[in-house]
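Open the model in your viewer and keep the selection panel at hand. The stops below go in order, each with something to select and a note on what is there.

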Amino acid sequence: MEKILLIEDESSIADNIRFALEKDGFNPIWCATGKEGVAALEEHAIALIVLDVGLPDANGFELCKQIRQASKVPIVFLTARSDEIDRIVGLELGADDYMVKPFSPRELIARIKAVLRRIHSQDGDSADGVSTKEKNKIQYGPFAIDMARYQIKFFNQSLELSRYEFRLLKVLIERPGRVLSRDQLMELAWDDPASSLDRTVDAHIKTLRAKLKKVNEGTEVIITHRGIGYSLSESLPK
Ligand code: CA
């Protein structure tokens, strides 16, 4: 049974997560403070850490940095504030994923499993000589996606993207030339399209375009197909 270290000060949230983890065959270890969490990390062979950003004795970001100095154990952040997401994604804290409260424990478990699967498949692949680094990277034209860092470079410049901008752009880059309807984009880039409040594909495309334009004014990257949807241009320079 894989041990999941849960560092979360709210016991009601922690209880829900622990229950869900146990139900799914994991062995959760709960700590309510950062200090206890660090001690538990030294004591146990931890497969993954679920880390709350707002702890009574520590800031989750600082704790993450501290953990990263000694350990590569995957970290999934829990945050109560959407304005913290940009820090998680943008600052290269070395987080593997995050959840915004409130969330369903089931969704968190799905994320945890996805992160662990990714890590395990990297372990398995390292023998064939292709480095993990390269496997996590997708290249197309002027774009380079670095999945490990949740980062997309455009003409060698890192784009500062929100979560959905990142996902939308990734979906498009992976399917150059293919016209995708708004519904398809929602389906591919949103976790739970039906219940998401953030359902404005057009708005995200608009902000994405502005960010791309800032790096390269002249290139039309995302093409609008009136009444149908969007596609990524197939005639992009390298
Ligand atoms: Ca908290």
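Start by selecting Ile-152. Leaving aside residues up to four places away in sequence, Ile-152 touches Phe-143, Ala-144, Ile-145, Gln-157, Ser-158, Leu-159, Leu-161, Phe-166, Leu-169, Lys-170 and Ile-173. Keep in mind that this is a predicted model.

In soluble globular proteins, nonpolar side chains tend to be buried together.

Go back to helix 7 and show helix 9 with it. How do their axes cross? They come within 10 Å and cross at roughly 85°. Angles of 65 to 115 degrees count as roughly perpendicular, so helix 7 is roughly perpendicular to helix 9. For the contact itself, select Tyr-164, Glu-165, Leu-168, Leu-169 and Leu-172 on helix 7, then Val-201, His-204, Ile-205, Thr-207, Leu-208, Lys-211 and Leu-212 on helix 9.

Is Lys-101 buried or exposed? Its relative accessible area is 15%; the cut-off for buried is under 20%, so Lys-101 counts as buried. Display the side chains of Glu-8 and Asp-52 as well. The Lys-101 side chain makes a polar contact of 2.9 Å with that of Glu-8 and another of 3.1 Å with that of Asp-52. Beyond residues up to four places away in sequence, Lys-101 touches Glu-8, Glu-10, Ile-13, Asp-52, Leu-78, Thr-79 and Ala-80.

Finally, clear the selection and look at the whole protein. It has nine helices and twelve strands. Of its 238 residues, 43% count as buried. Contacts between residues 24 or more positions apart make up 56% of those with a separation of 6 or more. With a surface display on, the accessible area is about 12800 Å², and carbon and sulfur atoms account for 48% of that.

Notes: Residues numbered from 1 in each chain as written. Predicted model: local features only at pLDDT ≥ 70, side-chain atom pairs only at ≥ 80, totals over all residues. Heavy atoms only, no water. Helix = DSSP H or I, 4+ residues; strand = E, 2+ residues; numbered from the N terminus. Buried < 20%, exposed > 50% of the residue type's maximum accessible area, 1.4 Å probe, protein only. Contact = heavy atoms within 4.5 Å. Areas by Shrake-Rupley, 256 points an atom, 1.4 Å probe, with all protein chains shown as cover. Polar contact = N/O pair within 3.5 Å; in protein donor to acceptor, adjacent residues only side chain to side chain. Axes fitted to C-alpha atoms, helices over the stretch in contact; angles between N-to-C directions. Parallel < 35°, antiparallel > 145°, perpendicular 65-115°, else oblique.
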